Amino acid sequence: AMSAKLIDGKAIAEEIRRELKAEVAELQQKYGKAPGLAVVLVGERKDSQTYVRNKKKACEEVGIVSFGTDLPEDVSEEELLKVVADYNADPAVHGILVQLPLPKHIDEQRVLDAISIEKDVDGFHPLNIGALAMRGRDPLFVPCTPKGCLELLKRSGVVMAGKRAAVVGRSNIVGMPAALLLQREDATVTVIHSRTPDAQKICAEADIIIAACGRAEMVAGDWVKEGAAVIDVGINAVDDPSAKRGYRLVGDVNFAEASEKASQITPVPGGVGPMTIAMLLRNCVDGATRTFAAEAAQ
Ligand code: NDP
């Protein structure tokens, strides 16, 4: 029987969106301007098109103005860099997001490096990641998915200071920044990756687990300490003939098993997923708030 309390990412994300809507209205009143987000999409990938559409829609719902540039699959790197440079210079734009992955002929690093760090709402610029890793420094932006994981822990009352945390996965966009964020909250963090021996034993000692390995249901019941808080970032489609679409979505955690051990746990879907977009909106509003205040001080 499930004994864990569910961490409802959908409800928490909705609450955050309500808060942001009120903040945007305040900015509008105080400065007569709204935050703006530019979303750049290259090519015709169906999944990327869906993400971009959802991001723009979420913006509009809280009053953020969205700008979009759709470029063909065969666009040159120079042309893409020109689009980024134009948005860097555009005072109505406070956040720039280049939807990844980019086509192979384009140097992704060069494009991400070109985004002004003041508008880097994805938080992927190496200067923002570098600041995240350093004591005494604060990044202008933190990557949205790991930021969403920490927000779920905070809003669920999970104490991080002095606790042991295990992060499964070390990607630039999820695992690595998640580990840095937990460390900034004074947790003692172990990062597990594909070459880690005894991953199960390490996880089983953790008070907090963030699973982001892209392996369906890898974090099983015996990976979870009694009373641990479990955040499941994974989104994996597994075949299921009984499901309408022929598949269903599962996380990187075996939910049925882990929920018998954990004190709190996120579901998939409805956990981390909705938080990612909410944190993108948060970053946009933060960027605009900083810019408006700086402009007003001039
Ligand atoms: P990546 O594939 O970029 O990274 C996976 C990480 O997990 C790597 O560091 C890899 O190790 C590690 N790993 C892989 N297999 C194992 C294993 N058997 N044991 C231990 N570690 C392992 O994935 P992402 O970080 O981009 O995404 C992770 C998951 O989160 C995916 O399921 C993805 O779909 C989901 N996701 C969800 C989002 C959301 O909004 N909810 C947003 C982004 C991602 P190594 O470095 O050694 O290769």
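Helices, taken as runs of at least four residues, and strands, taken as runs of at least two, are DSSP assignments numbered from the N terminus. In this predicted model, the secondary structure of the chain comprises 10 helices and 11 strands. The C-alpha trace extends over about 55 × 40 × 35 Å along its principal axes. For a chain of 298 residues a compact globule would have a radius of gyration near 19 Å, and the value of 20 Å found for the chain agrees with this expectation. Of the 298 residues, 44% are buried, and among contacts with a separation of 6 or more, 66% are made by residues 24 or more positions apart.

Ala211 belongs to strand 7, which covers residues 208-211, and it is classed as buried because 33 other C-beta atoms lie within 10 Å, where 20 or more are required. When residues up to four places away in sequence are not counted, Ala211 touches Val168, Val219, Asp232, Val233, Gly234, Gly251, Asp252 and Val253. His193, by comparison, stands 18 residues from Ala211 in sequence, and the two are 11 Å apart in space from C-alpha to C-alpha.

How values were computed: Residues numbered from 1 in each chain as written. Predicted model: local features only at pLDDT ≥ 70, side-chain atom pairs only at ≥ 80, totals over all residues. Rg over C-alpha atoms; globule rule 2.2 N^0.38 Å. Buried ≥ 20, exposed ≤ 12 C-beta atoms within 10 Å, placed from the backbone. Contact = placed C-beta atoms within 7 Å.
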